[in-house]
Amino acid sequence: VHEASRFKANPAQVEAPERAEAVVRKAMSLAEENGLSPRIAENTYRAMVRSFIDYEQDVFAKAVAAGQTPWKQ
């Protein structure tokens, strides 16, 4: 997740609702196909995605505070 911030053009790209929803839907679909609870998959993946986003935002905030920019110029 830390390295993912290097591939974003700017901090605004960390939040990507469409991409997050696609990941959650895929996890739910795979869970159902494999006889697992789609609801548990949804809750788990939503929590993971939110944590990843929060972490990346923190990486950007720390870089800005240090006068650096981890994103591509």
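**Reading contacts between helices**

Biologist: At 33% relative accessibility, does arginine 46 count as buried, partly exposed or exposed?

Modeller: Arginine 46 counts as partly exposed, because its relative accessibility is 33%. The general idea is that buried means under 20% relative accessible area and exposed means over 50%, with partly exposed in between (1.4 Å probe, protein chains only). Please keep in mind that this is a predicted model, in which local features need pLDDT of at least 70 and side-chain atom pairs count only at pLDDT 80 or more, while totals for chains, interfaces and linings use all residues. Residues are numbered from 1 along each chain as its sequence is written, and side-chain values use heavy atoms, with hydrogens and water left out.

Biologist: How many salt bridges does a search of the whole structure find?

Modeller: A salt bridge is a side-chain nitrogen of Lys or Arg within 4 Å of a carboxyl oxygen of Asp or Glu. By that rule the search of the whole structure finds five salt bridges.

Biologist: Which side chain meets that of glutamate 21 in a salt bridge?

Modeller: The side chain of glutamate 21 meets that of arginine 46, with a distance of 2.6 Å from N to O. This pair links distant parts of the chain, since glutamate 21 is in helix H1 and arginine 46 is in helix H2, 25 residues apart. When I speak of helices, I mean DSSP runs (H or I, at least four residues; strands are E, at least two), numbered from the N terminus. Glutamate 21 counts as partly exposed because its relative accessibility is 31%.

Biologist: Which residue forms a salt bridge with arginine 46, the closest N and O atoms being 3.1 Å apart?

Modeller: That residue is glutamate 42, and the closest N and O atoms of the pair are 3.1 Å apart. Here the two residues are four apart in helix H2, so about one helical turn separates glutamate 42 from arginine 46. Glutamate 42 counts as partly exposed, with 22% relative accessibility.

Biologist: Where are aspartate 58 and lysine 62, and what separates them?

Modeller: Aspartate 58 and lysine 62 are in helix H2, four residues apart, so they are separated by about one helical turn. They form a salt bridge whose closest N and O atoms are 3.2 Å apart. Aspartate 58 is partly exposed, with a relative accessible area of 34%, whereas lysine 62 counts as exposed at 55% relative accessibility.

Biologist: Which residues are linked in a network of salt bridges?

Modeller: Glu15, Arg50 and Asp54 are the residues linked in such a network.

Biologist: Which residues line the largest pocket?

Modeller: On a 1 Å grid over the protein atoms alone, a pocket is an open set of points where a 1.4 Å probe fits, with protein on both sides within 12 Å along at least five of seven lines, and lining residues have an atom within 4 Å of a point. In this structure the largest pocket is lined by Lys8, Val14, Ala16, Arg19, Ala20, Val23, Val49, Phe52, Ile53 and Glu56. The elements that give two or more residues to this lining are helix H1 (17-33) and H2, and H2 gives the most, with four residues.

Biologist: Is alanine 16 buried or exposed?

Modeller: Alanine 16 is buried, because its relative accessible area is 15%.

Biologist: Where does valine 49 lie?

Modeller: Valine 49 lies in helix H2, and at 17% relative accessibility it counts as buried. From C-alpha to C-alpha, valine 49 and glutamate 15 are 9.9 Å apart in space, while in sequence they are 34 residues apart. Phenylalanine 52 is also found in helix H2, but phenylalanine 52 counts as partly exposed, at 38% relative accessibility.

Biologist: How many residues apart in sequence are alanine 22 and asparagine 43?

Modeller: Alanine 22 and asparagine 43 are 21 residues apart in sequence, and 14 Å apart in space from C-alpha to C-alpha. Alanine 22 is found in helix H1 and counts as partly exposed, with 36% relative accessibility.
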